[in-house]
Amino acid sequence: MSRIHLQGLTRRFGGVTAVDDIWLDVADGEFLVLLGPSGCGKSTLLRMIAGLLAPTDGRVLLDEADITHLPARERDLAIVFQSYALYPHLSVARNIGFPLRARRWSRDEIQAKVAEVAAVLDLSELVARKPKELSGGQRQRVALARALVRDPGAFLMDEPLSNLDAKLRSSTRAEISGLHRRLGATVVYVTHDQVEAMTMATRIVLLDKGRLEQVGTPEEVYDRPESTFVAGFLGSPPMNLLTAEVVPDGDALRVRAADLDLPLGITADTPPRPVALGVRPEHLRLTTPDAAGIRGVVRTVENLGSEEVAHCVVGDERLCLRGARPLGLHAGDPVHLTAAPENLHLFDPGSGRRLAWQPVPSFSHHPPPLPHPAPSPI
Amino acid sequence: MTTAGAFVEVELVRPRVVAAGPAARPVWWRRLLRALPPYLYLTPALVLLVVWTYRPLAQTFQLSFHSWNLLPTSPITEVGFDNYTRLLDTPDLGAALWRTLVVILGMLPFTLVIPVLVGLLSRRVRGRAGAVYRAMVFAPMLVAPVAGAAVWQWLLDPTAGVVDKVVGSPINWLHEAGPAQIAIIVITGWHIVGFAVLVVSAGLTGINPDYAAAAGVDGASRAQVTRWITLPLLSPTMAFLVLMTVLLSAQWTFPLIDTLTQGGPSGSTTNIYYLLWDYGFHSYDAGLGAAAGVLFFVGFVVLASGLVLLSDRLSHHDD
């Protein structure tokens, strides 16, 4: 299995920059998920790694070897397409054996290897069939088998589950995760589905408009989104983002907006500054009118079965609240909410980047400043 | 104290009306009126088909059992199978069939081999250059066959023609038996090749590019992708082109034969369509022409069904 390094990878189509200066290291055995909305450049990035598309700029390295200008067939990579791209005129066995045939394996060797891989993926009964005689899930497994058959350096997968129904999707998700664990394979997996990303990835790469927004484990990107894009993309419903202002109040900092006033848990003094305040729907708690930091009105309540989501209006902004059913709220009710300081996220309203609190050392009795922003509750 | 009780099944709640019979059907003329529009839309096409195809076909069949010299004043007499026996007795028919086969085989390079090669190669010409290139290949199709024939007549002229100057030998192309047939085939091929390239290009466009991409990643070279993936997936298109060639080659040659050689020299370019025309409109033997028409029609129906069956088996429903 192999490592992949992307160095300043860029692709422009005419005046549009589909992939913009991506630097990324994929470790050996890693399950890296490229996540983002449609049009964010994740498939373009994958096709450049596969060698199906030439980058405008930058380099692709596989185990330190520069493969930027190597044709796809000479790269040691296997790809699973969203459409599966099973050759319609060939039987399942010939589809799976295709990469070996291209490598001039003997007929007997191919047969043995195909039988072995087909058995792993529970396809032994189907090897004589044509792709059109298979169900969606079976086709998906044949596509996986064709990738598995030649022990590639890394697997590239382009939304392989998006053509399956919800139930099959979750079982195939588990199957691919299991396969990854068993083989210790390096996988680069493209999806727009955050559930797939959160459940399968060892690391998630969030892309927006061709640019890298954040790289991190599922916990990191969910718990500490580095930009308003990441905050607003992950979660269902995603993080609430409100226009607010950080103001000093006595010796502590508070975040304020219309009908909103919450302590940040930072003892300091700083000039007021506008921020985008982020708080996850599940981190909002109902409280008494006296203790309320947020006051609003319920617009609608959605029943999700185990939980309820209340859509509220605070000031002139919308806010979602998610909690165990019943929340005891009805449309039109006034609602009193609060959130713990450690669950508040602050972003710069202009750039959208996350704001971290960095205490300014007083030179008399404090150590020199830290090279990186110190971890803080926010 | 305990209370006695029993579990009862929860019943499905649904509104129930006491005697809900089947919904009343609308009256018959209203149903008819509702069903009518699709047939009304079809009517013009059906009328044209009947008037211009099926009625003449039936009339030809009828005429093949009669003798008539096309003069409105002369009588049409019934002759039974006489026309058919006469047709099968003449050596003309066999010779014309043979020449038709030669035309079909001679056309295949223009309708299949060259278009597939050009189609595969021109895929690499992209954007505006590709469009210009395809337009240039297609251009001869837009030239009227008779006008094209006139120009070719000059080009093939044995004394001043460009072709002989290039070839470097004084061949009288249109007045020697072998060269005349070759000239007819090449000119027809020149005419039709653009159309065939267009069909192949359309067929190639219809193949999902993911297949070639997948095969490339799977390790196949460009030649292997063409041989193992593209050509097999193009086979329905190629079957269609073969079908067109078999059924229509002789028809495509007709305007050229009629302007350039009139079936000659000494019948060497007379294929079955020209023979049929010759019987009917040069020998004024309508019955014989009709009998030939009926025979060819039946023959081509058999051939076409065979080819259609074959192309059905070749098509891989790509979904």
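1. E245(A) and its surroundings. Setting aside residues up to four places away in sequence, E245(A) touches R256(A), A257(A), P272(A), R273(A), P274(A) and V275(A). E245(A) belongs to strand β11 of chain A, which runs over residues 240-249. Is E245(A) buried, exposed or partly exposed? E245(A) counts as partly exposed because it has 15 C-beta neighbours inside 10 Å, while a buried residue would need 20 or more. K209(A) lies 36 residues from E245(A) along the chain, and the C-alpha atoms of the two are separated by 28 Å. The model is a predicted one, and this applies to every point below.

2. Chain A, overall. Chain A has eight helices and 20 strands. Its C-alpha atoms fill a box of roughly 80 × 50 × 40 Å along the principal axes. Of the 378 residues in chain A, 40% are buried. Taking contacts in chain A between residues at least 6 apart in sequence, 63% join residues at least 24 apart.

3. Division of chain A. Two domains are assigned in chain A: domain 1 covers 4-225 and domain 2 covers 240-347. The centres of domain 1 and domain 2 of chain A, taken over C-alpha atoms, are separated by 40 Å. An unreviewed UniProt entry places the feature "domain: ABC transporter" at residues 4-234 of chain A. Over residues 4-234 of chain A, the chain is 36% helix and 26% strand. The end C-alpha atoms of that stretch of chain A are 26 Å apart.

4. Chain B, overall. How many helices and strands does chain B have? The secondary structure of chain B comes to eleven helices and two strands, in the order α-β-β-α-α-α-α-α-α-α-α-α-α along the sequence. The radius of gyration of chain B is 30 Å, whereas a compact globule of 319 residues would have one near 20 Å. The box filled by the C-alpha atoms of chain B is roughly 125 × 70 × 35 Å along the principal axes. Buried residues are 28% of the 319 residues in chain B. Of the contacts in chain B with a separation of 6 or more, 69% are between residues 24 or more positions apart.

5. The feature "domain: ABC transmembrane type-1" is placed by UniProt, in an unreviewed entry, at residues 97-309 of chain B. Over residues 97-309 of chain B the chain is 80% helix and 0% strand, with end C-alpha atoms 24 Å apart. The unreviewed entry also carries the UniProt annotation "transmembrane region" for several stretches of chain B, including 39-57, 96-120 and 286-310. Residues 39-57 of chain B are 100% helix in the model, and the end C-alpha atoms are 24 Å apart. Residues 96-120 of chain B are likewise 100% helix, with 35 Å between the end C-alpha atoms.

6. Helix α10 of chain B. Which residues of helix α10 (residues 272-282) of chain B are buried? They are I272(B), Y273(B), Y274(B), L275(B), L276(B), D278(B) and Y279(B). The cover over the buried residues of α10(B) includes α3 (91-122), α9 and α11 (286-314) of chain B. After α10(B) comes Y284(B), with a positive phi near 50°.

7. The contact between the chains. Chain B gives 19 residues to the contact and chain A gives 18 residues. On the side of chain B that touches chain A, α8 (209-217) and α9 (222-260) of chain B each supply at least two residues. The largest share of that side, six residues, is from α8(B). Sorted by class, the side of chain B that touches chain A has eight nonpolar, seven polar and four charged residues.

8. The nonpolar core. The largest nonpolar core has 153 residues, and V33(A), I79(A), L156(A) and V188(A) have the most contacts inside it. Which element gives the most to this core? It is α9(B), with twelve residues. Domain 1 (4-225) and domain 2 (240-347) of chain A each contribute at least three residues to this core. Beyond its neighbours within four places in sequence, V33(A) is in contact with Y189(A), T191(A), A197(A), M200(A), A201(A), I204(A) and V205(A).

Methods:
Residues numbered from 1 in each chain as written. Chains lettered and ligands numbered in written order. Predicted model: local features only at pLDDT ≥ 70, side-chain atom pairs only at ≥ 80, totals over all residues. Contact = placed C-beta atoms within 7 Å. Helix = DSSP H or I, 4+ residues; strand = E, 2+ residues; numbered from the N terminus. Nonpolar A, V, L, I, M, F, W, Y, C, P; charged D, E, K, R; others polar. Domains from an automatic or database assignment. Core = buried A, V, L, I, M, F, W, Y, C linked by C-beta atoms within 7 Å. Buried ≥ 20, exposed ≤ 12 C-beta atoms within 10 Å, placed from the backbone. Rg over C-alpha atoms; globule rule 2.2 N^0.38 Å. UniProt positions renumbered as here; feature names shortened; annotations may be inferred.
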